[in-house]
Amino acid sequence: MSSIVRPVSCLVVAALAATALLAACDKTTTVTQTPGGTITTTTISPSLQASQAIGEINASVAHAASAIESSEAASQALTKAGTVIEDGVITTKVKTALLTDPDVKGLHIEVDTRDGVVTLTGSVDKAASRDLAAHIASDTGGVKSVVNQLVVKTSA
C-alpha cells in the first residue's frame, strides 16, 4: 500500500468512527420561560468514553496528516532546496574561475545555473575568450552543459 493511501484510509476510518461516537453523546434540552416567550436550548456533549475516543481519533488524523505532509512536501522541498544550493555553488565556482582567468576577463560575464545547466551572457573582447569561458564553465564540477550566449565586442 502506498505511503499516501494508508494515511488517507485511516482518515476515512476515523471519520466513520467519529460519526458512531457522536451517537454516544448526551443530549440535554432546557426550556426557559422569559417575558418574551419560551426559549428552548439543546446541548450536546460527548460522554467520557466518546471524548477519549475522539481524542485518539484526532491524534491519528494529525499523525496521518503529518505523514502525508512530511513524506511528500518535505521530500519535494528538500529536493528543490538541494538543487538551488547546488546551482548556487556551481554559479559561484564558474564566476570565480572566469574572474581569475587573465585571458577571459570575467567582469562582463553573467553566469546563471539551473539544474546544472550554465548559461553565460555578456560580452568578451575576442572569440578566443568566448570559447575559453565556455571551456572553463564546462570543466567546473557539477556542470551538465553550457549555453554560451557571450557576444564578442567589435572594435570601432
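How many helices and strands are there in the chain? The predicted model contains three helices and five strands, where helices are DSSP runs of H or I with at least four residues and strands are DSSP runs of E with at least two, both numbered from the N terminus. Read from the N terminus on, the elements follow the order α-β-β-α-β-β-α-β. Residues are numbered from 1 along each chain as its sequence is written, and side-chain values use heavy atoms, with hydrogens and water left out. Because this is a predicted model, local features need pLDDT of at least 70 and side-chain atom pairs count only at pLDDT 80 or more, whereas totals for chains, interfaces and linings use all residues.

The chain has a mean pLDDT of 76, with 65% of its residues at 70 or more; pLDDT is the predictor's confidence in each residue, on a scale from 0 to 100. Confidence is lowest in helix 1 (residues 5-22), with a mean of 52, and highest in strand 5, with 96. Over residues 1-5 the pLDDT is below 50, and this stretch has five contacts in the model beyond near neighbours in sequence, a contact being heavy atoms within 4.5 Å. Where pLDDT is low, the predicted coordinates should not be read in detail. Of the contacts in the chain with a separation of 6 or more, 52% are between residues 24 or more positions apart.

An open sheet of three strands, in the order 3-4-5, shows mixed pairing, two strands being paired if DSSP finds at least two bridges between them. Strand 3 (109-114) and strand 5 (145-152) are the edge strands, each pairing on one side only, and the twist averages 10° from one strand to the next. Strand 3 and strand 4 (residues 117-124) run antiparallel and are joined by six bridges; Val111 has Leu120 in strand 4 as its bridge partner.

Helix 3 (residues 127-138) lies across strand 3, strand 4 and strand 5, and runs at about 160° to strand 5, with axes fitted to C-alpha atoms, for helices over the stretch in contact, and angles taken from 0 to 180 degrees between N-to-C directions. Buried residues, those under 20% relative accessible area with a 1.4 Å probe and protein chains only, make up 22% of the 156 residues in the chain. In helix 3, the buried residues are Ser129, Ala133, Ala134, Ile136 and Ala137. They cover an arc of only 160° around the axis, and therefore lie on the same side of helix 3, the arc being that of the directions from the helix axis to the C-beta atoms.

Methods
Buried < 20%, exposed > 50% of the residue type's maximum accessible area, 1.4 Å probe, protein only.
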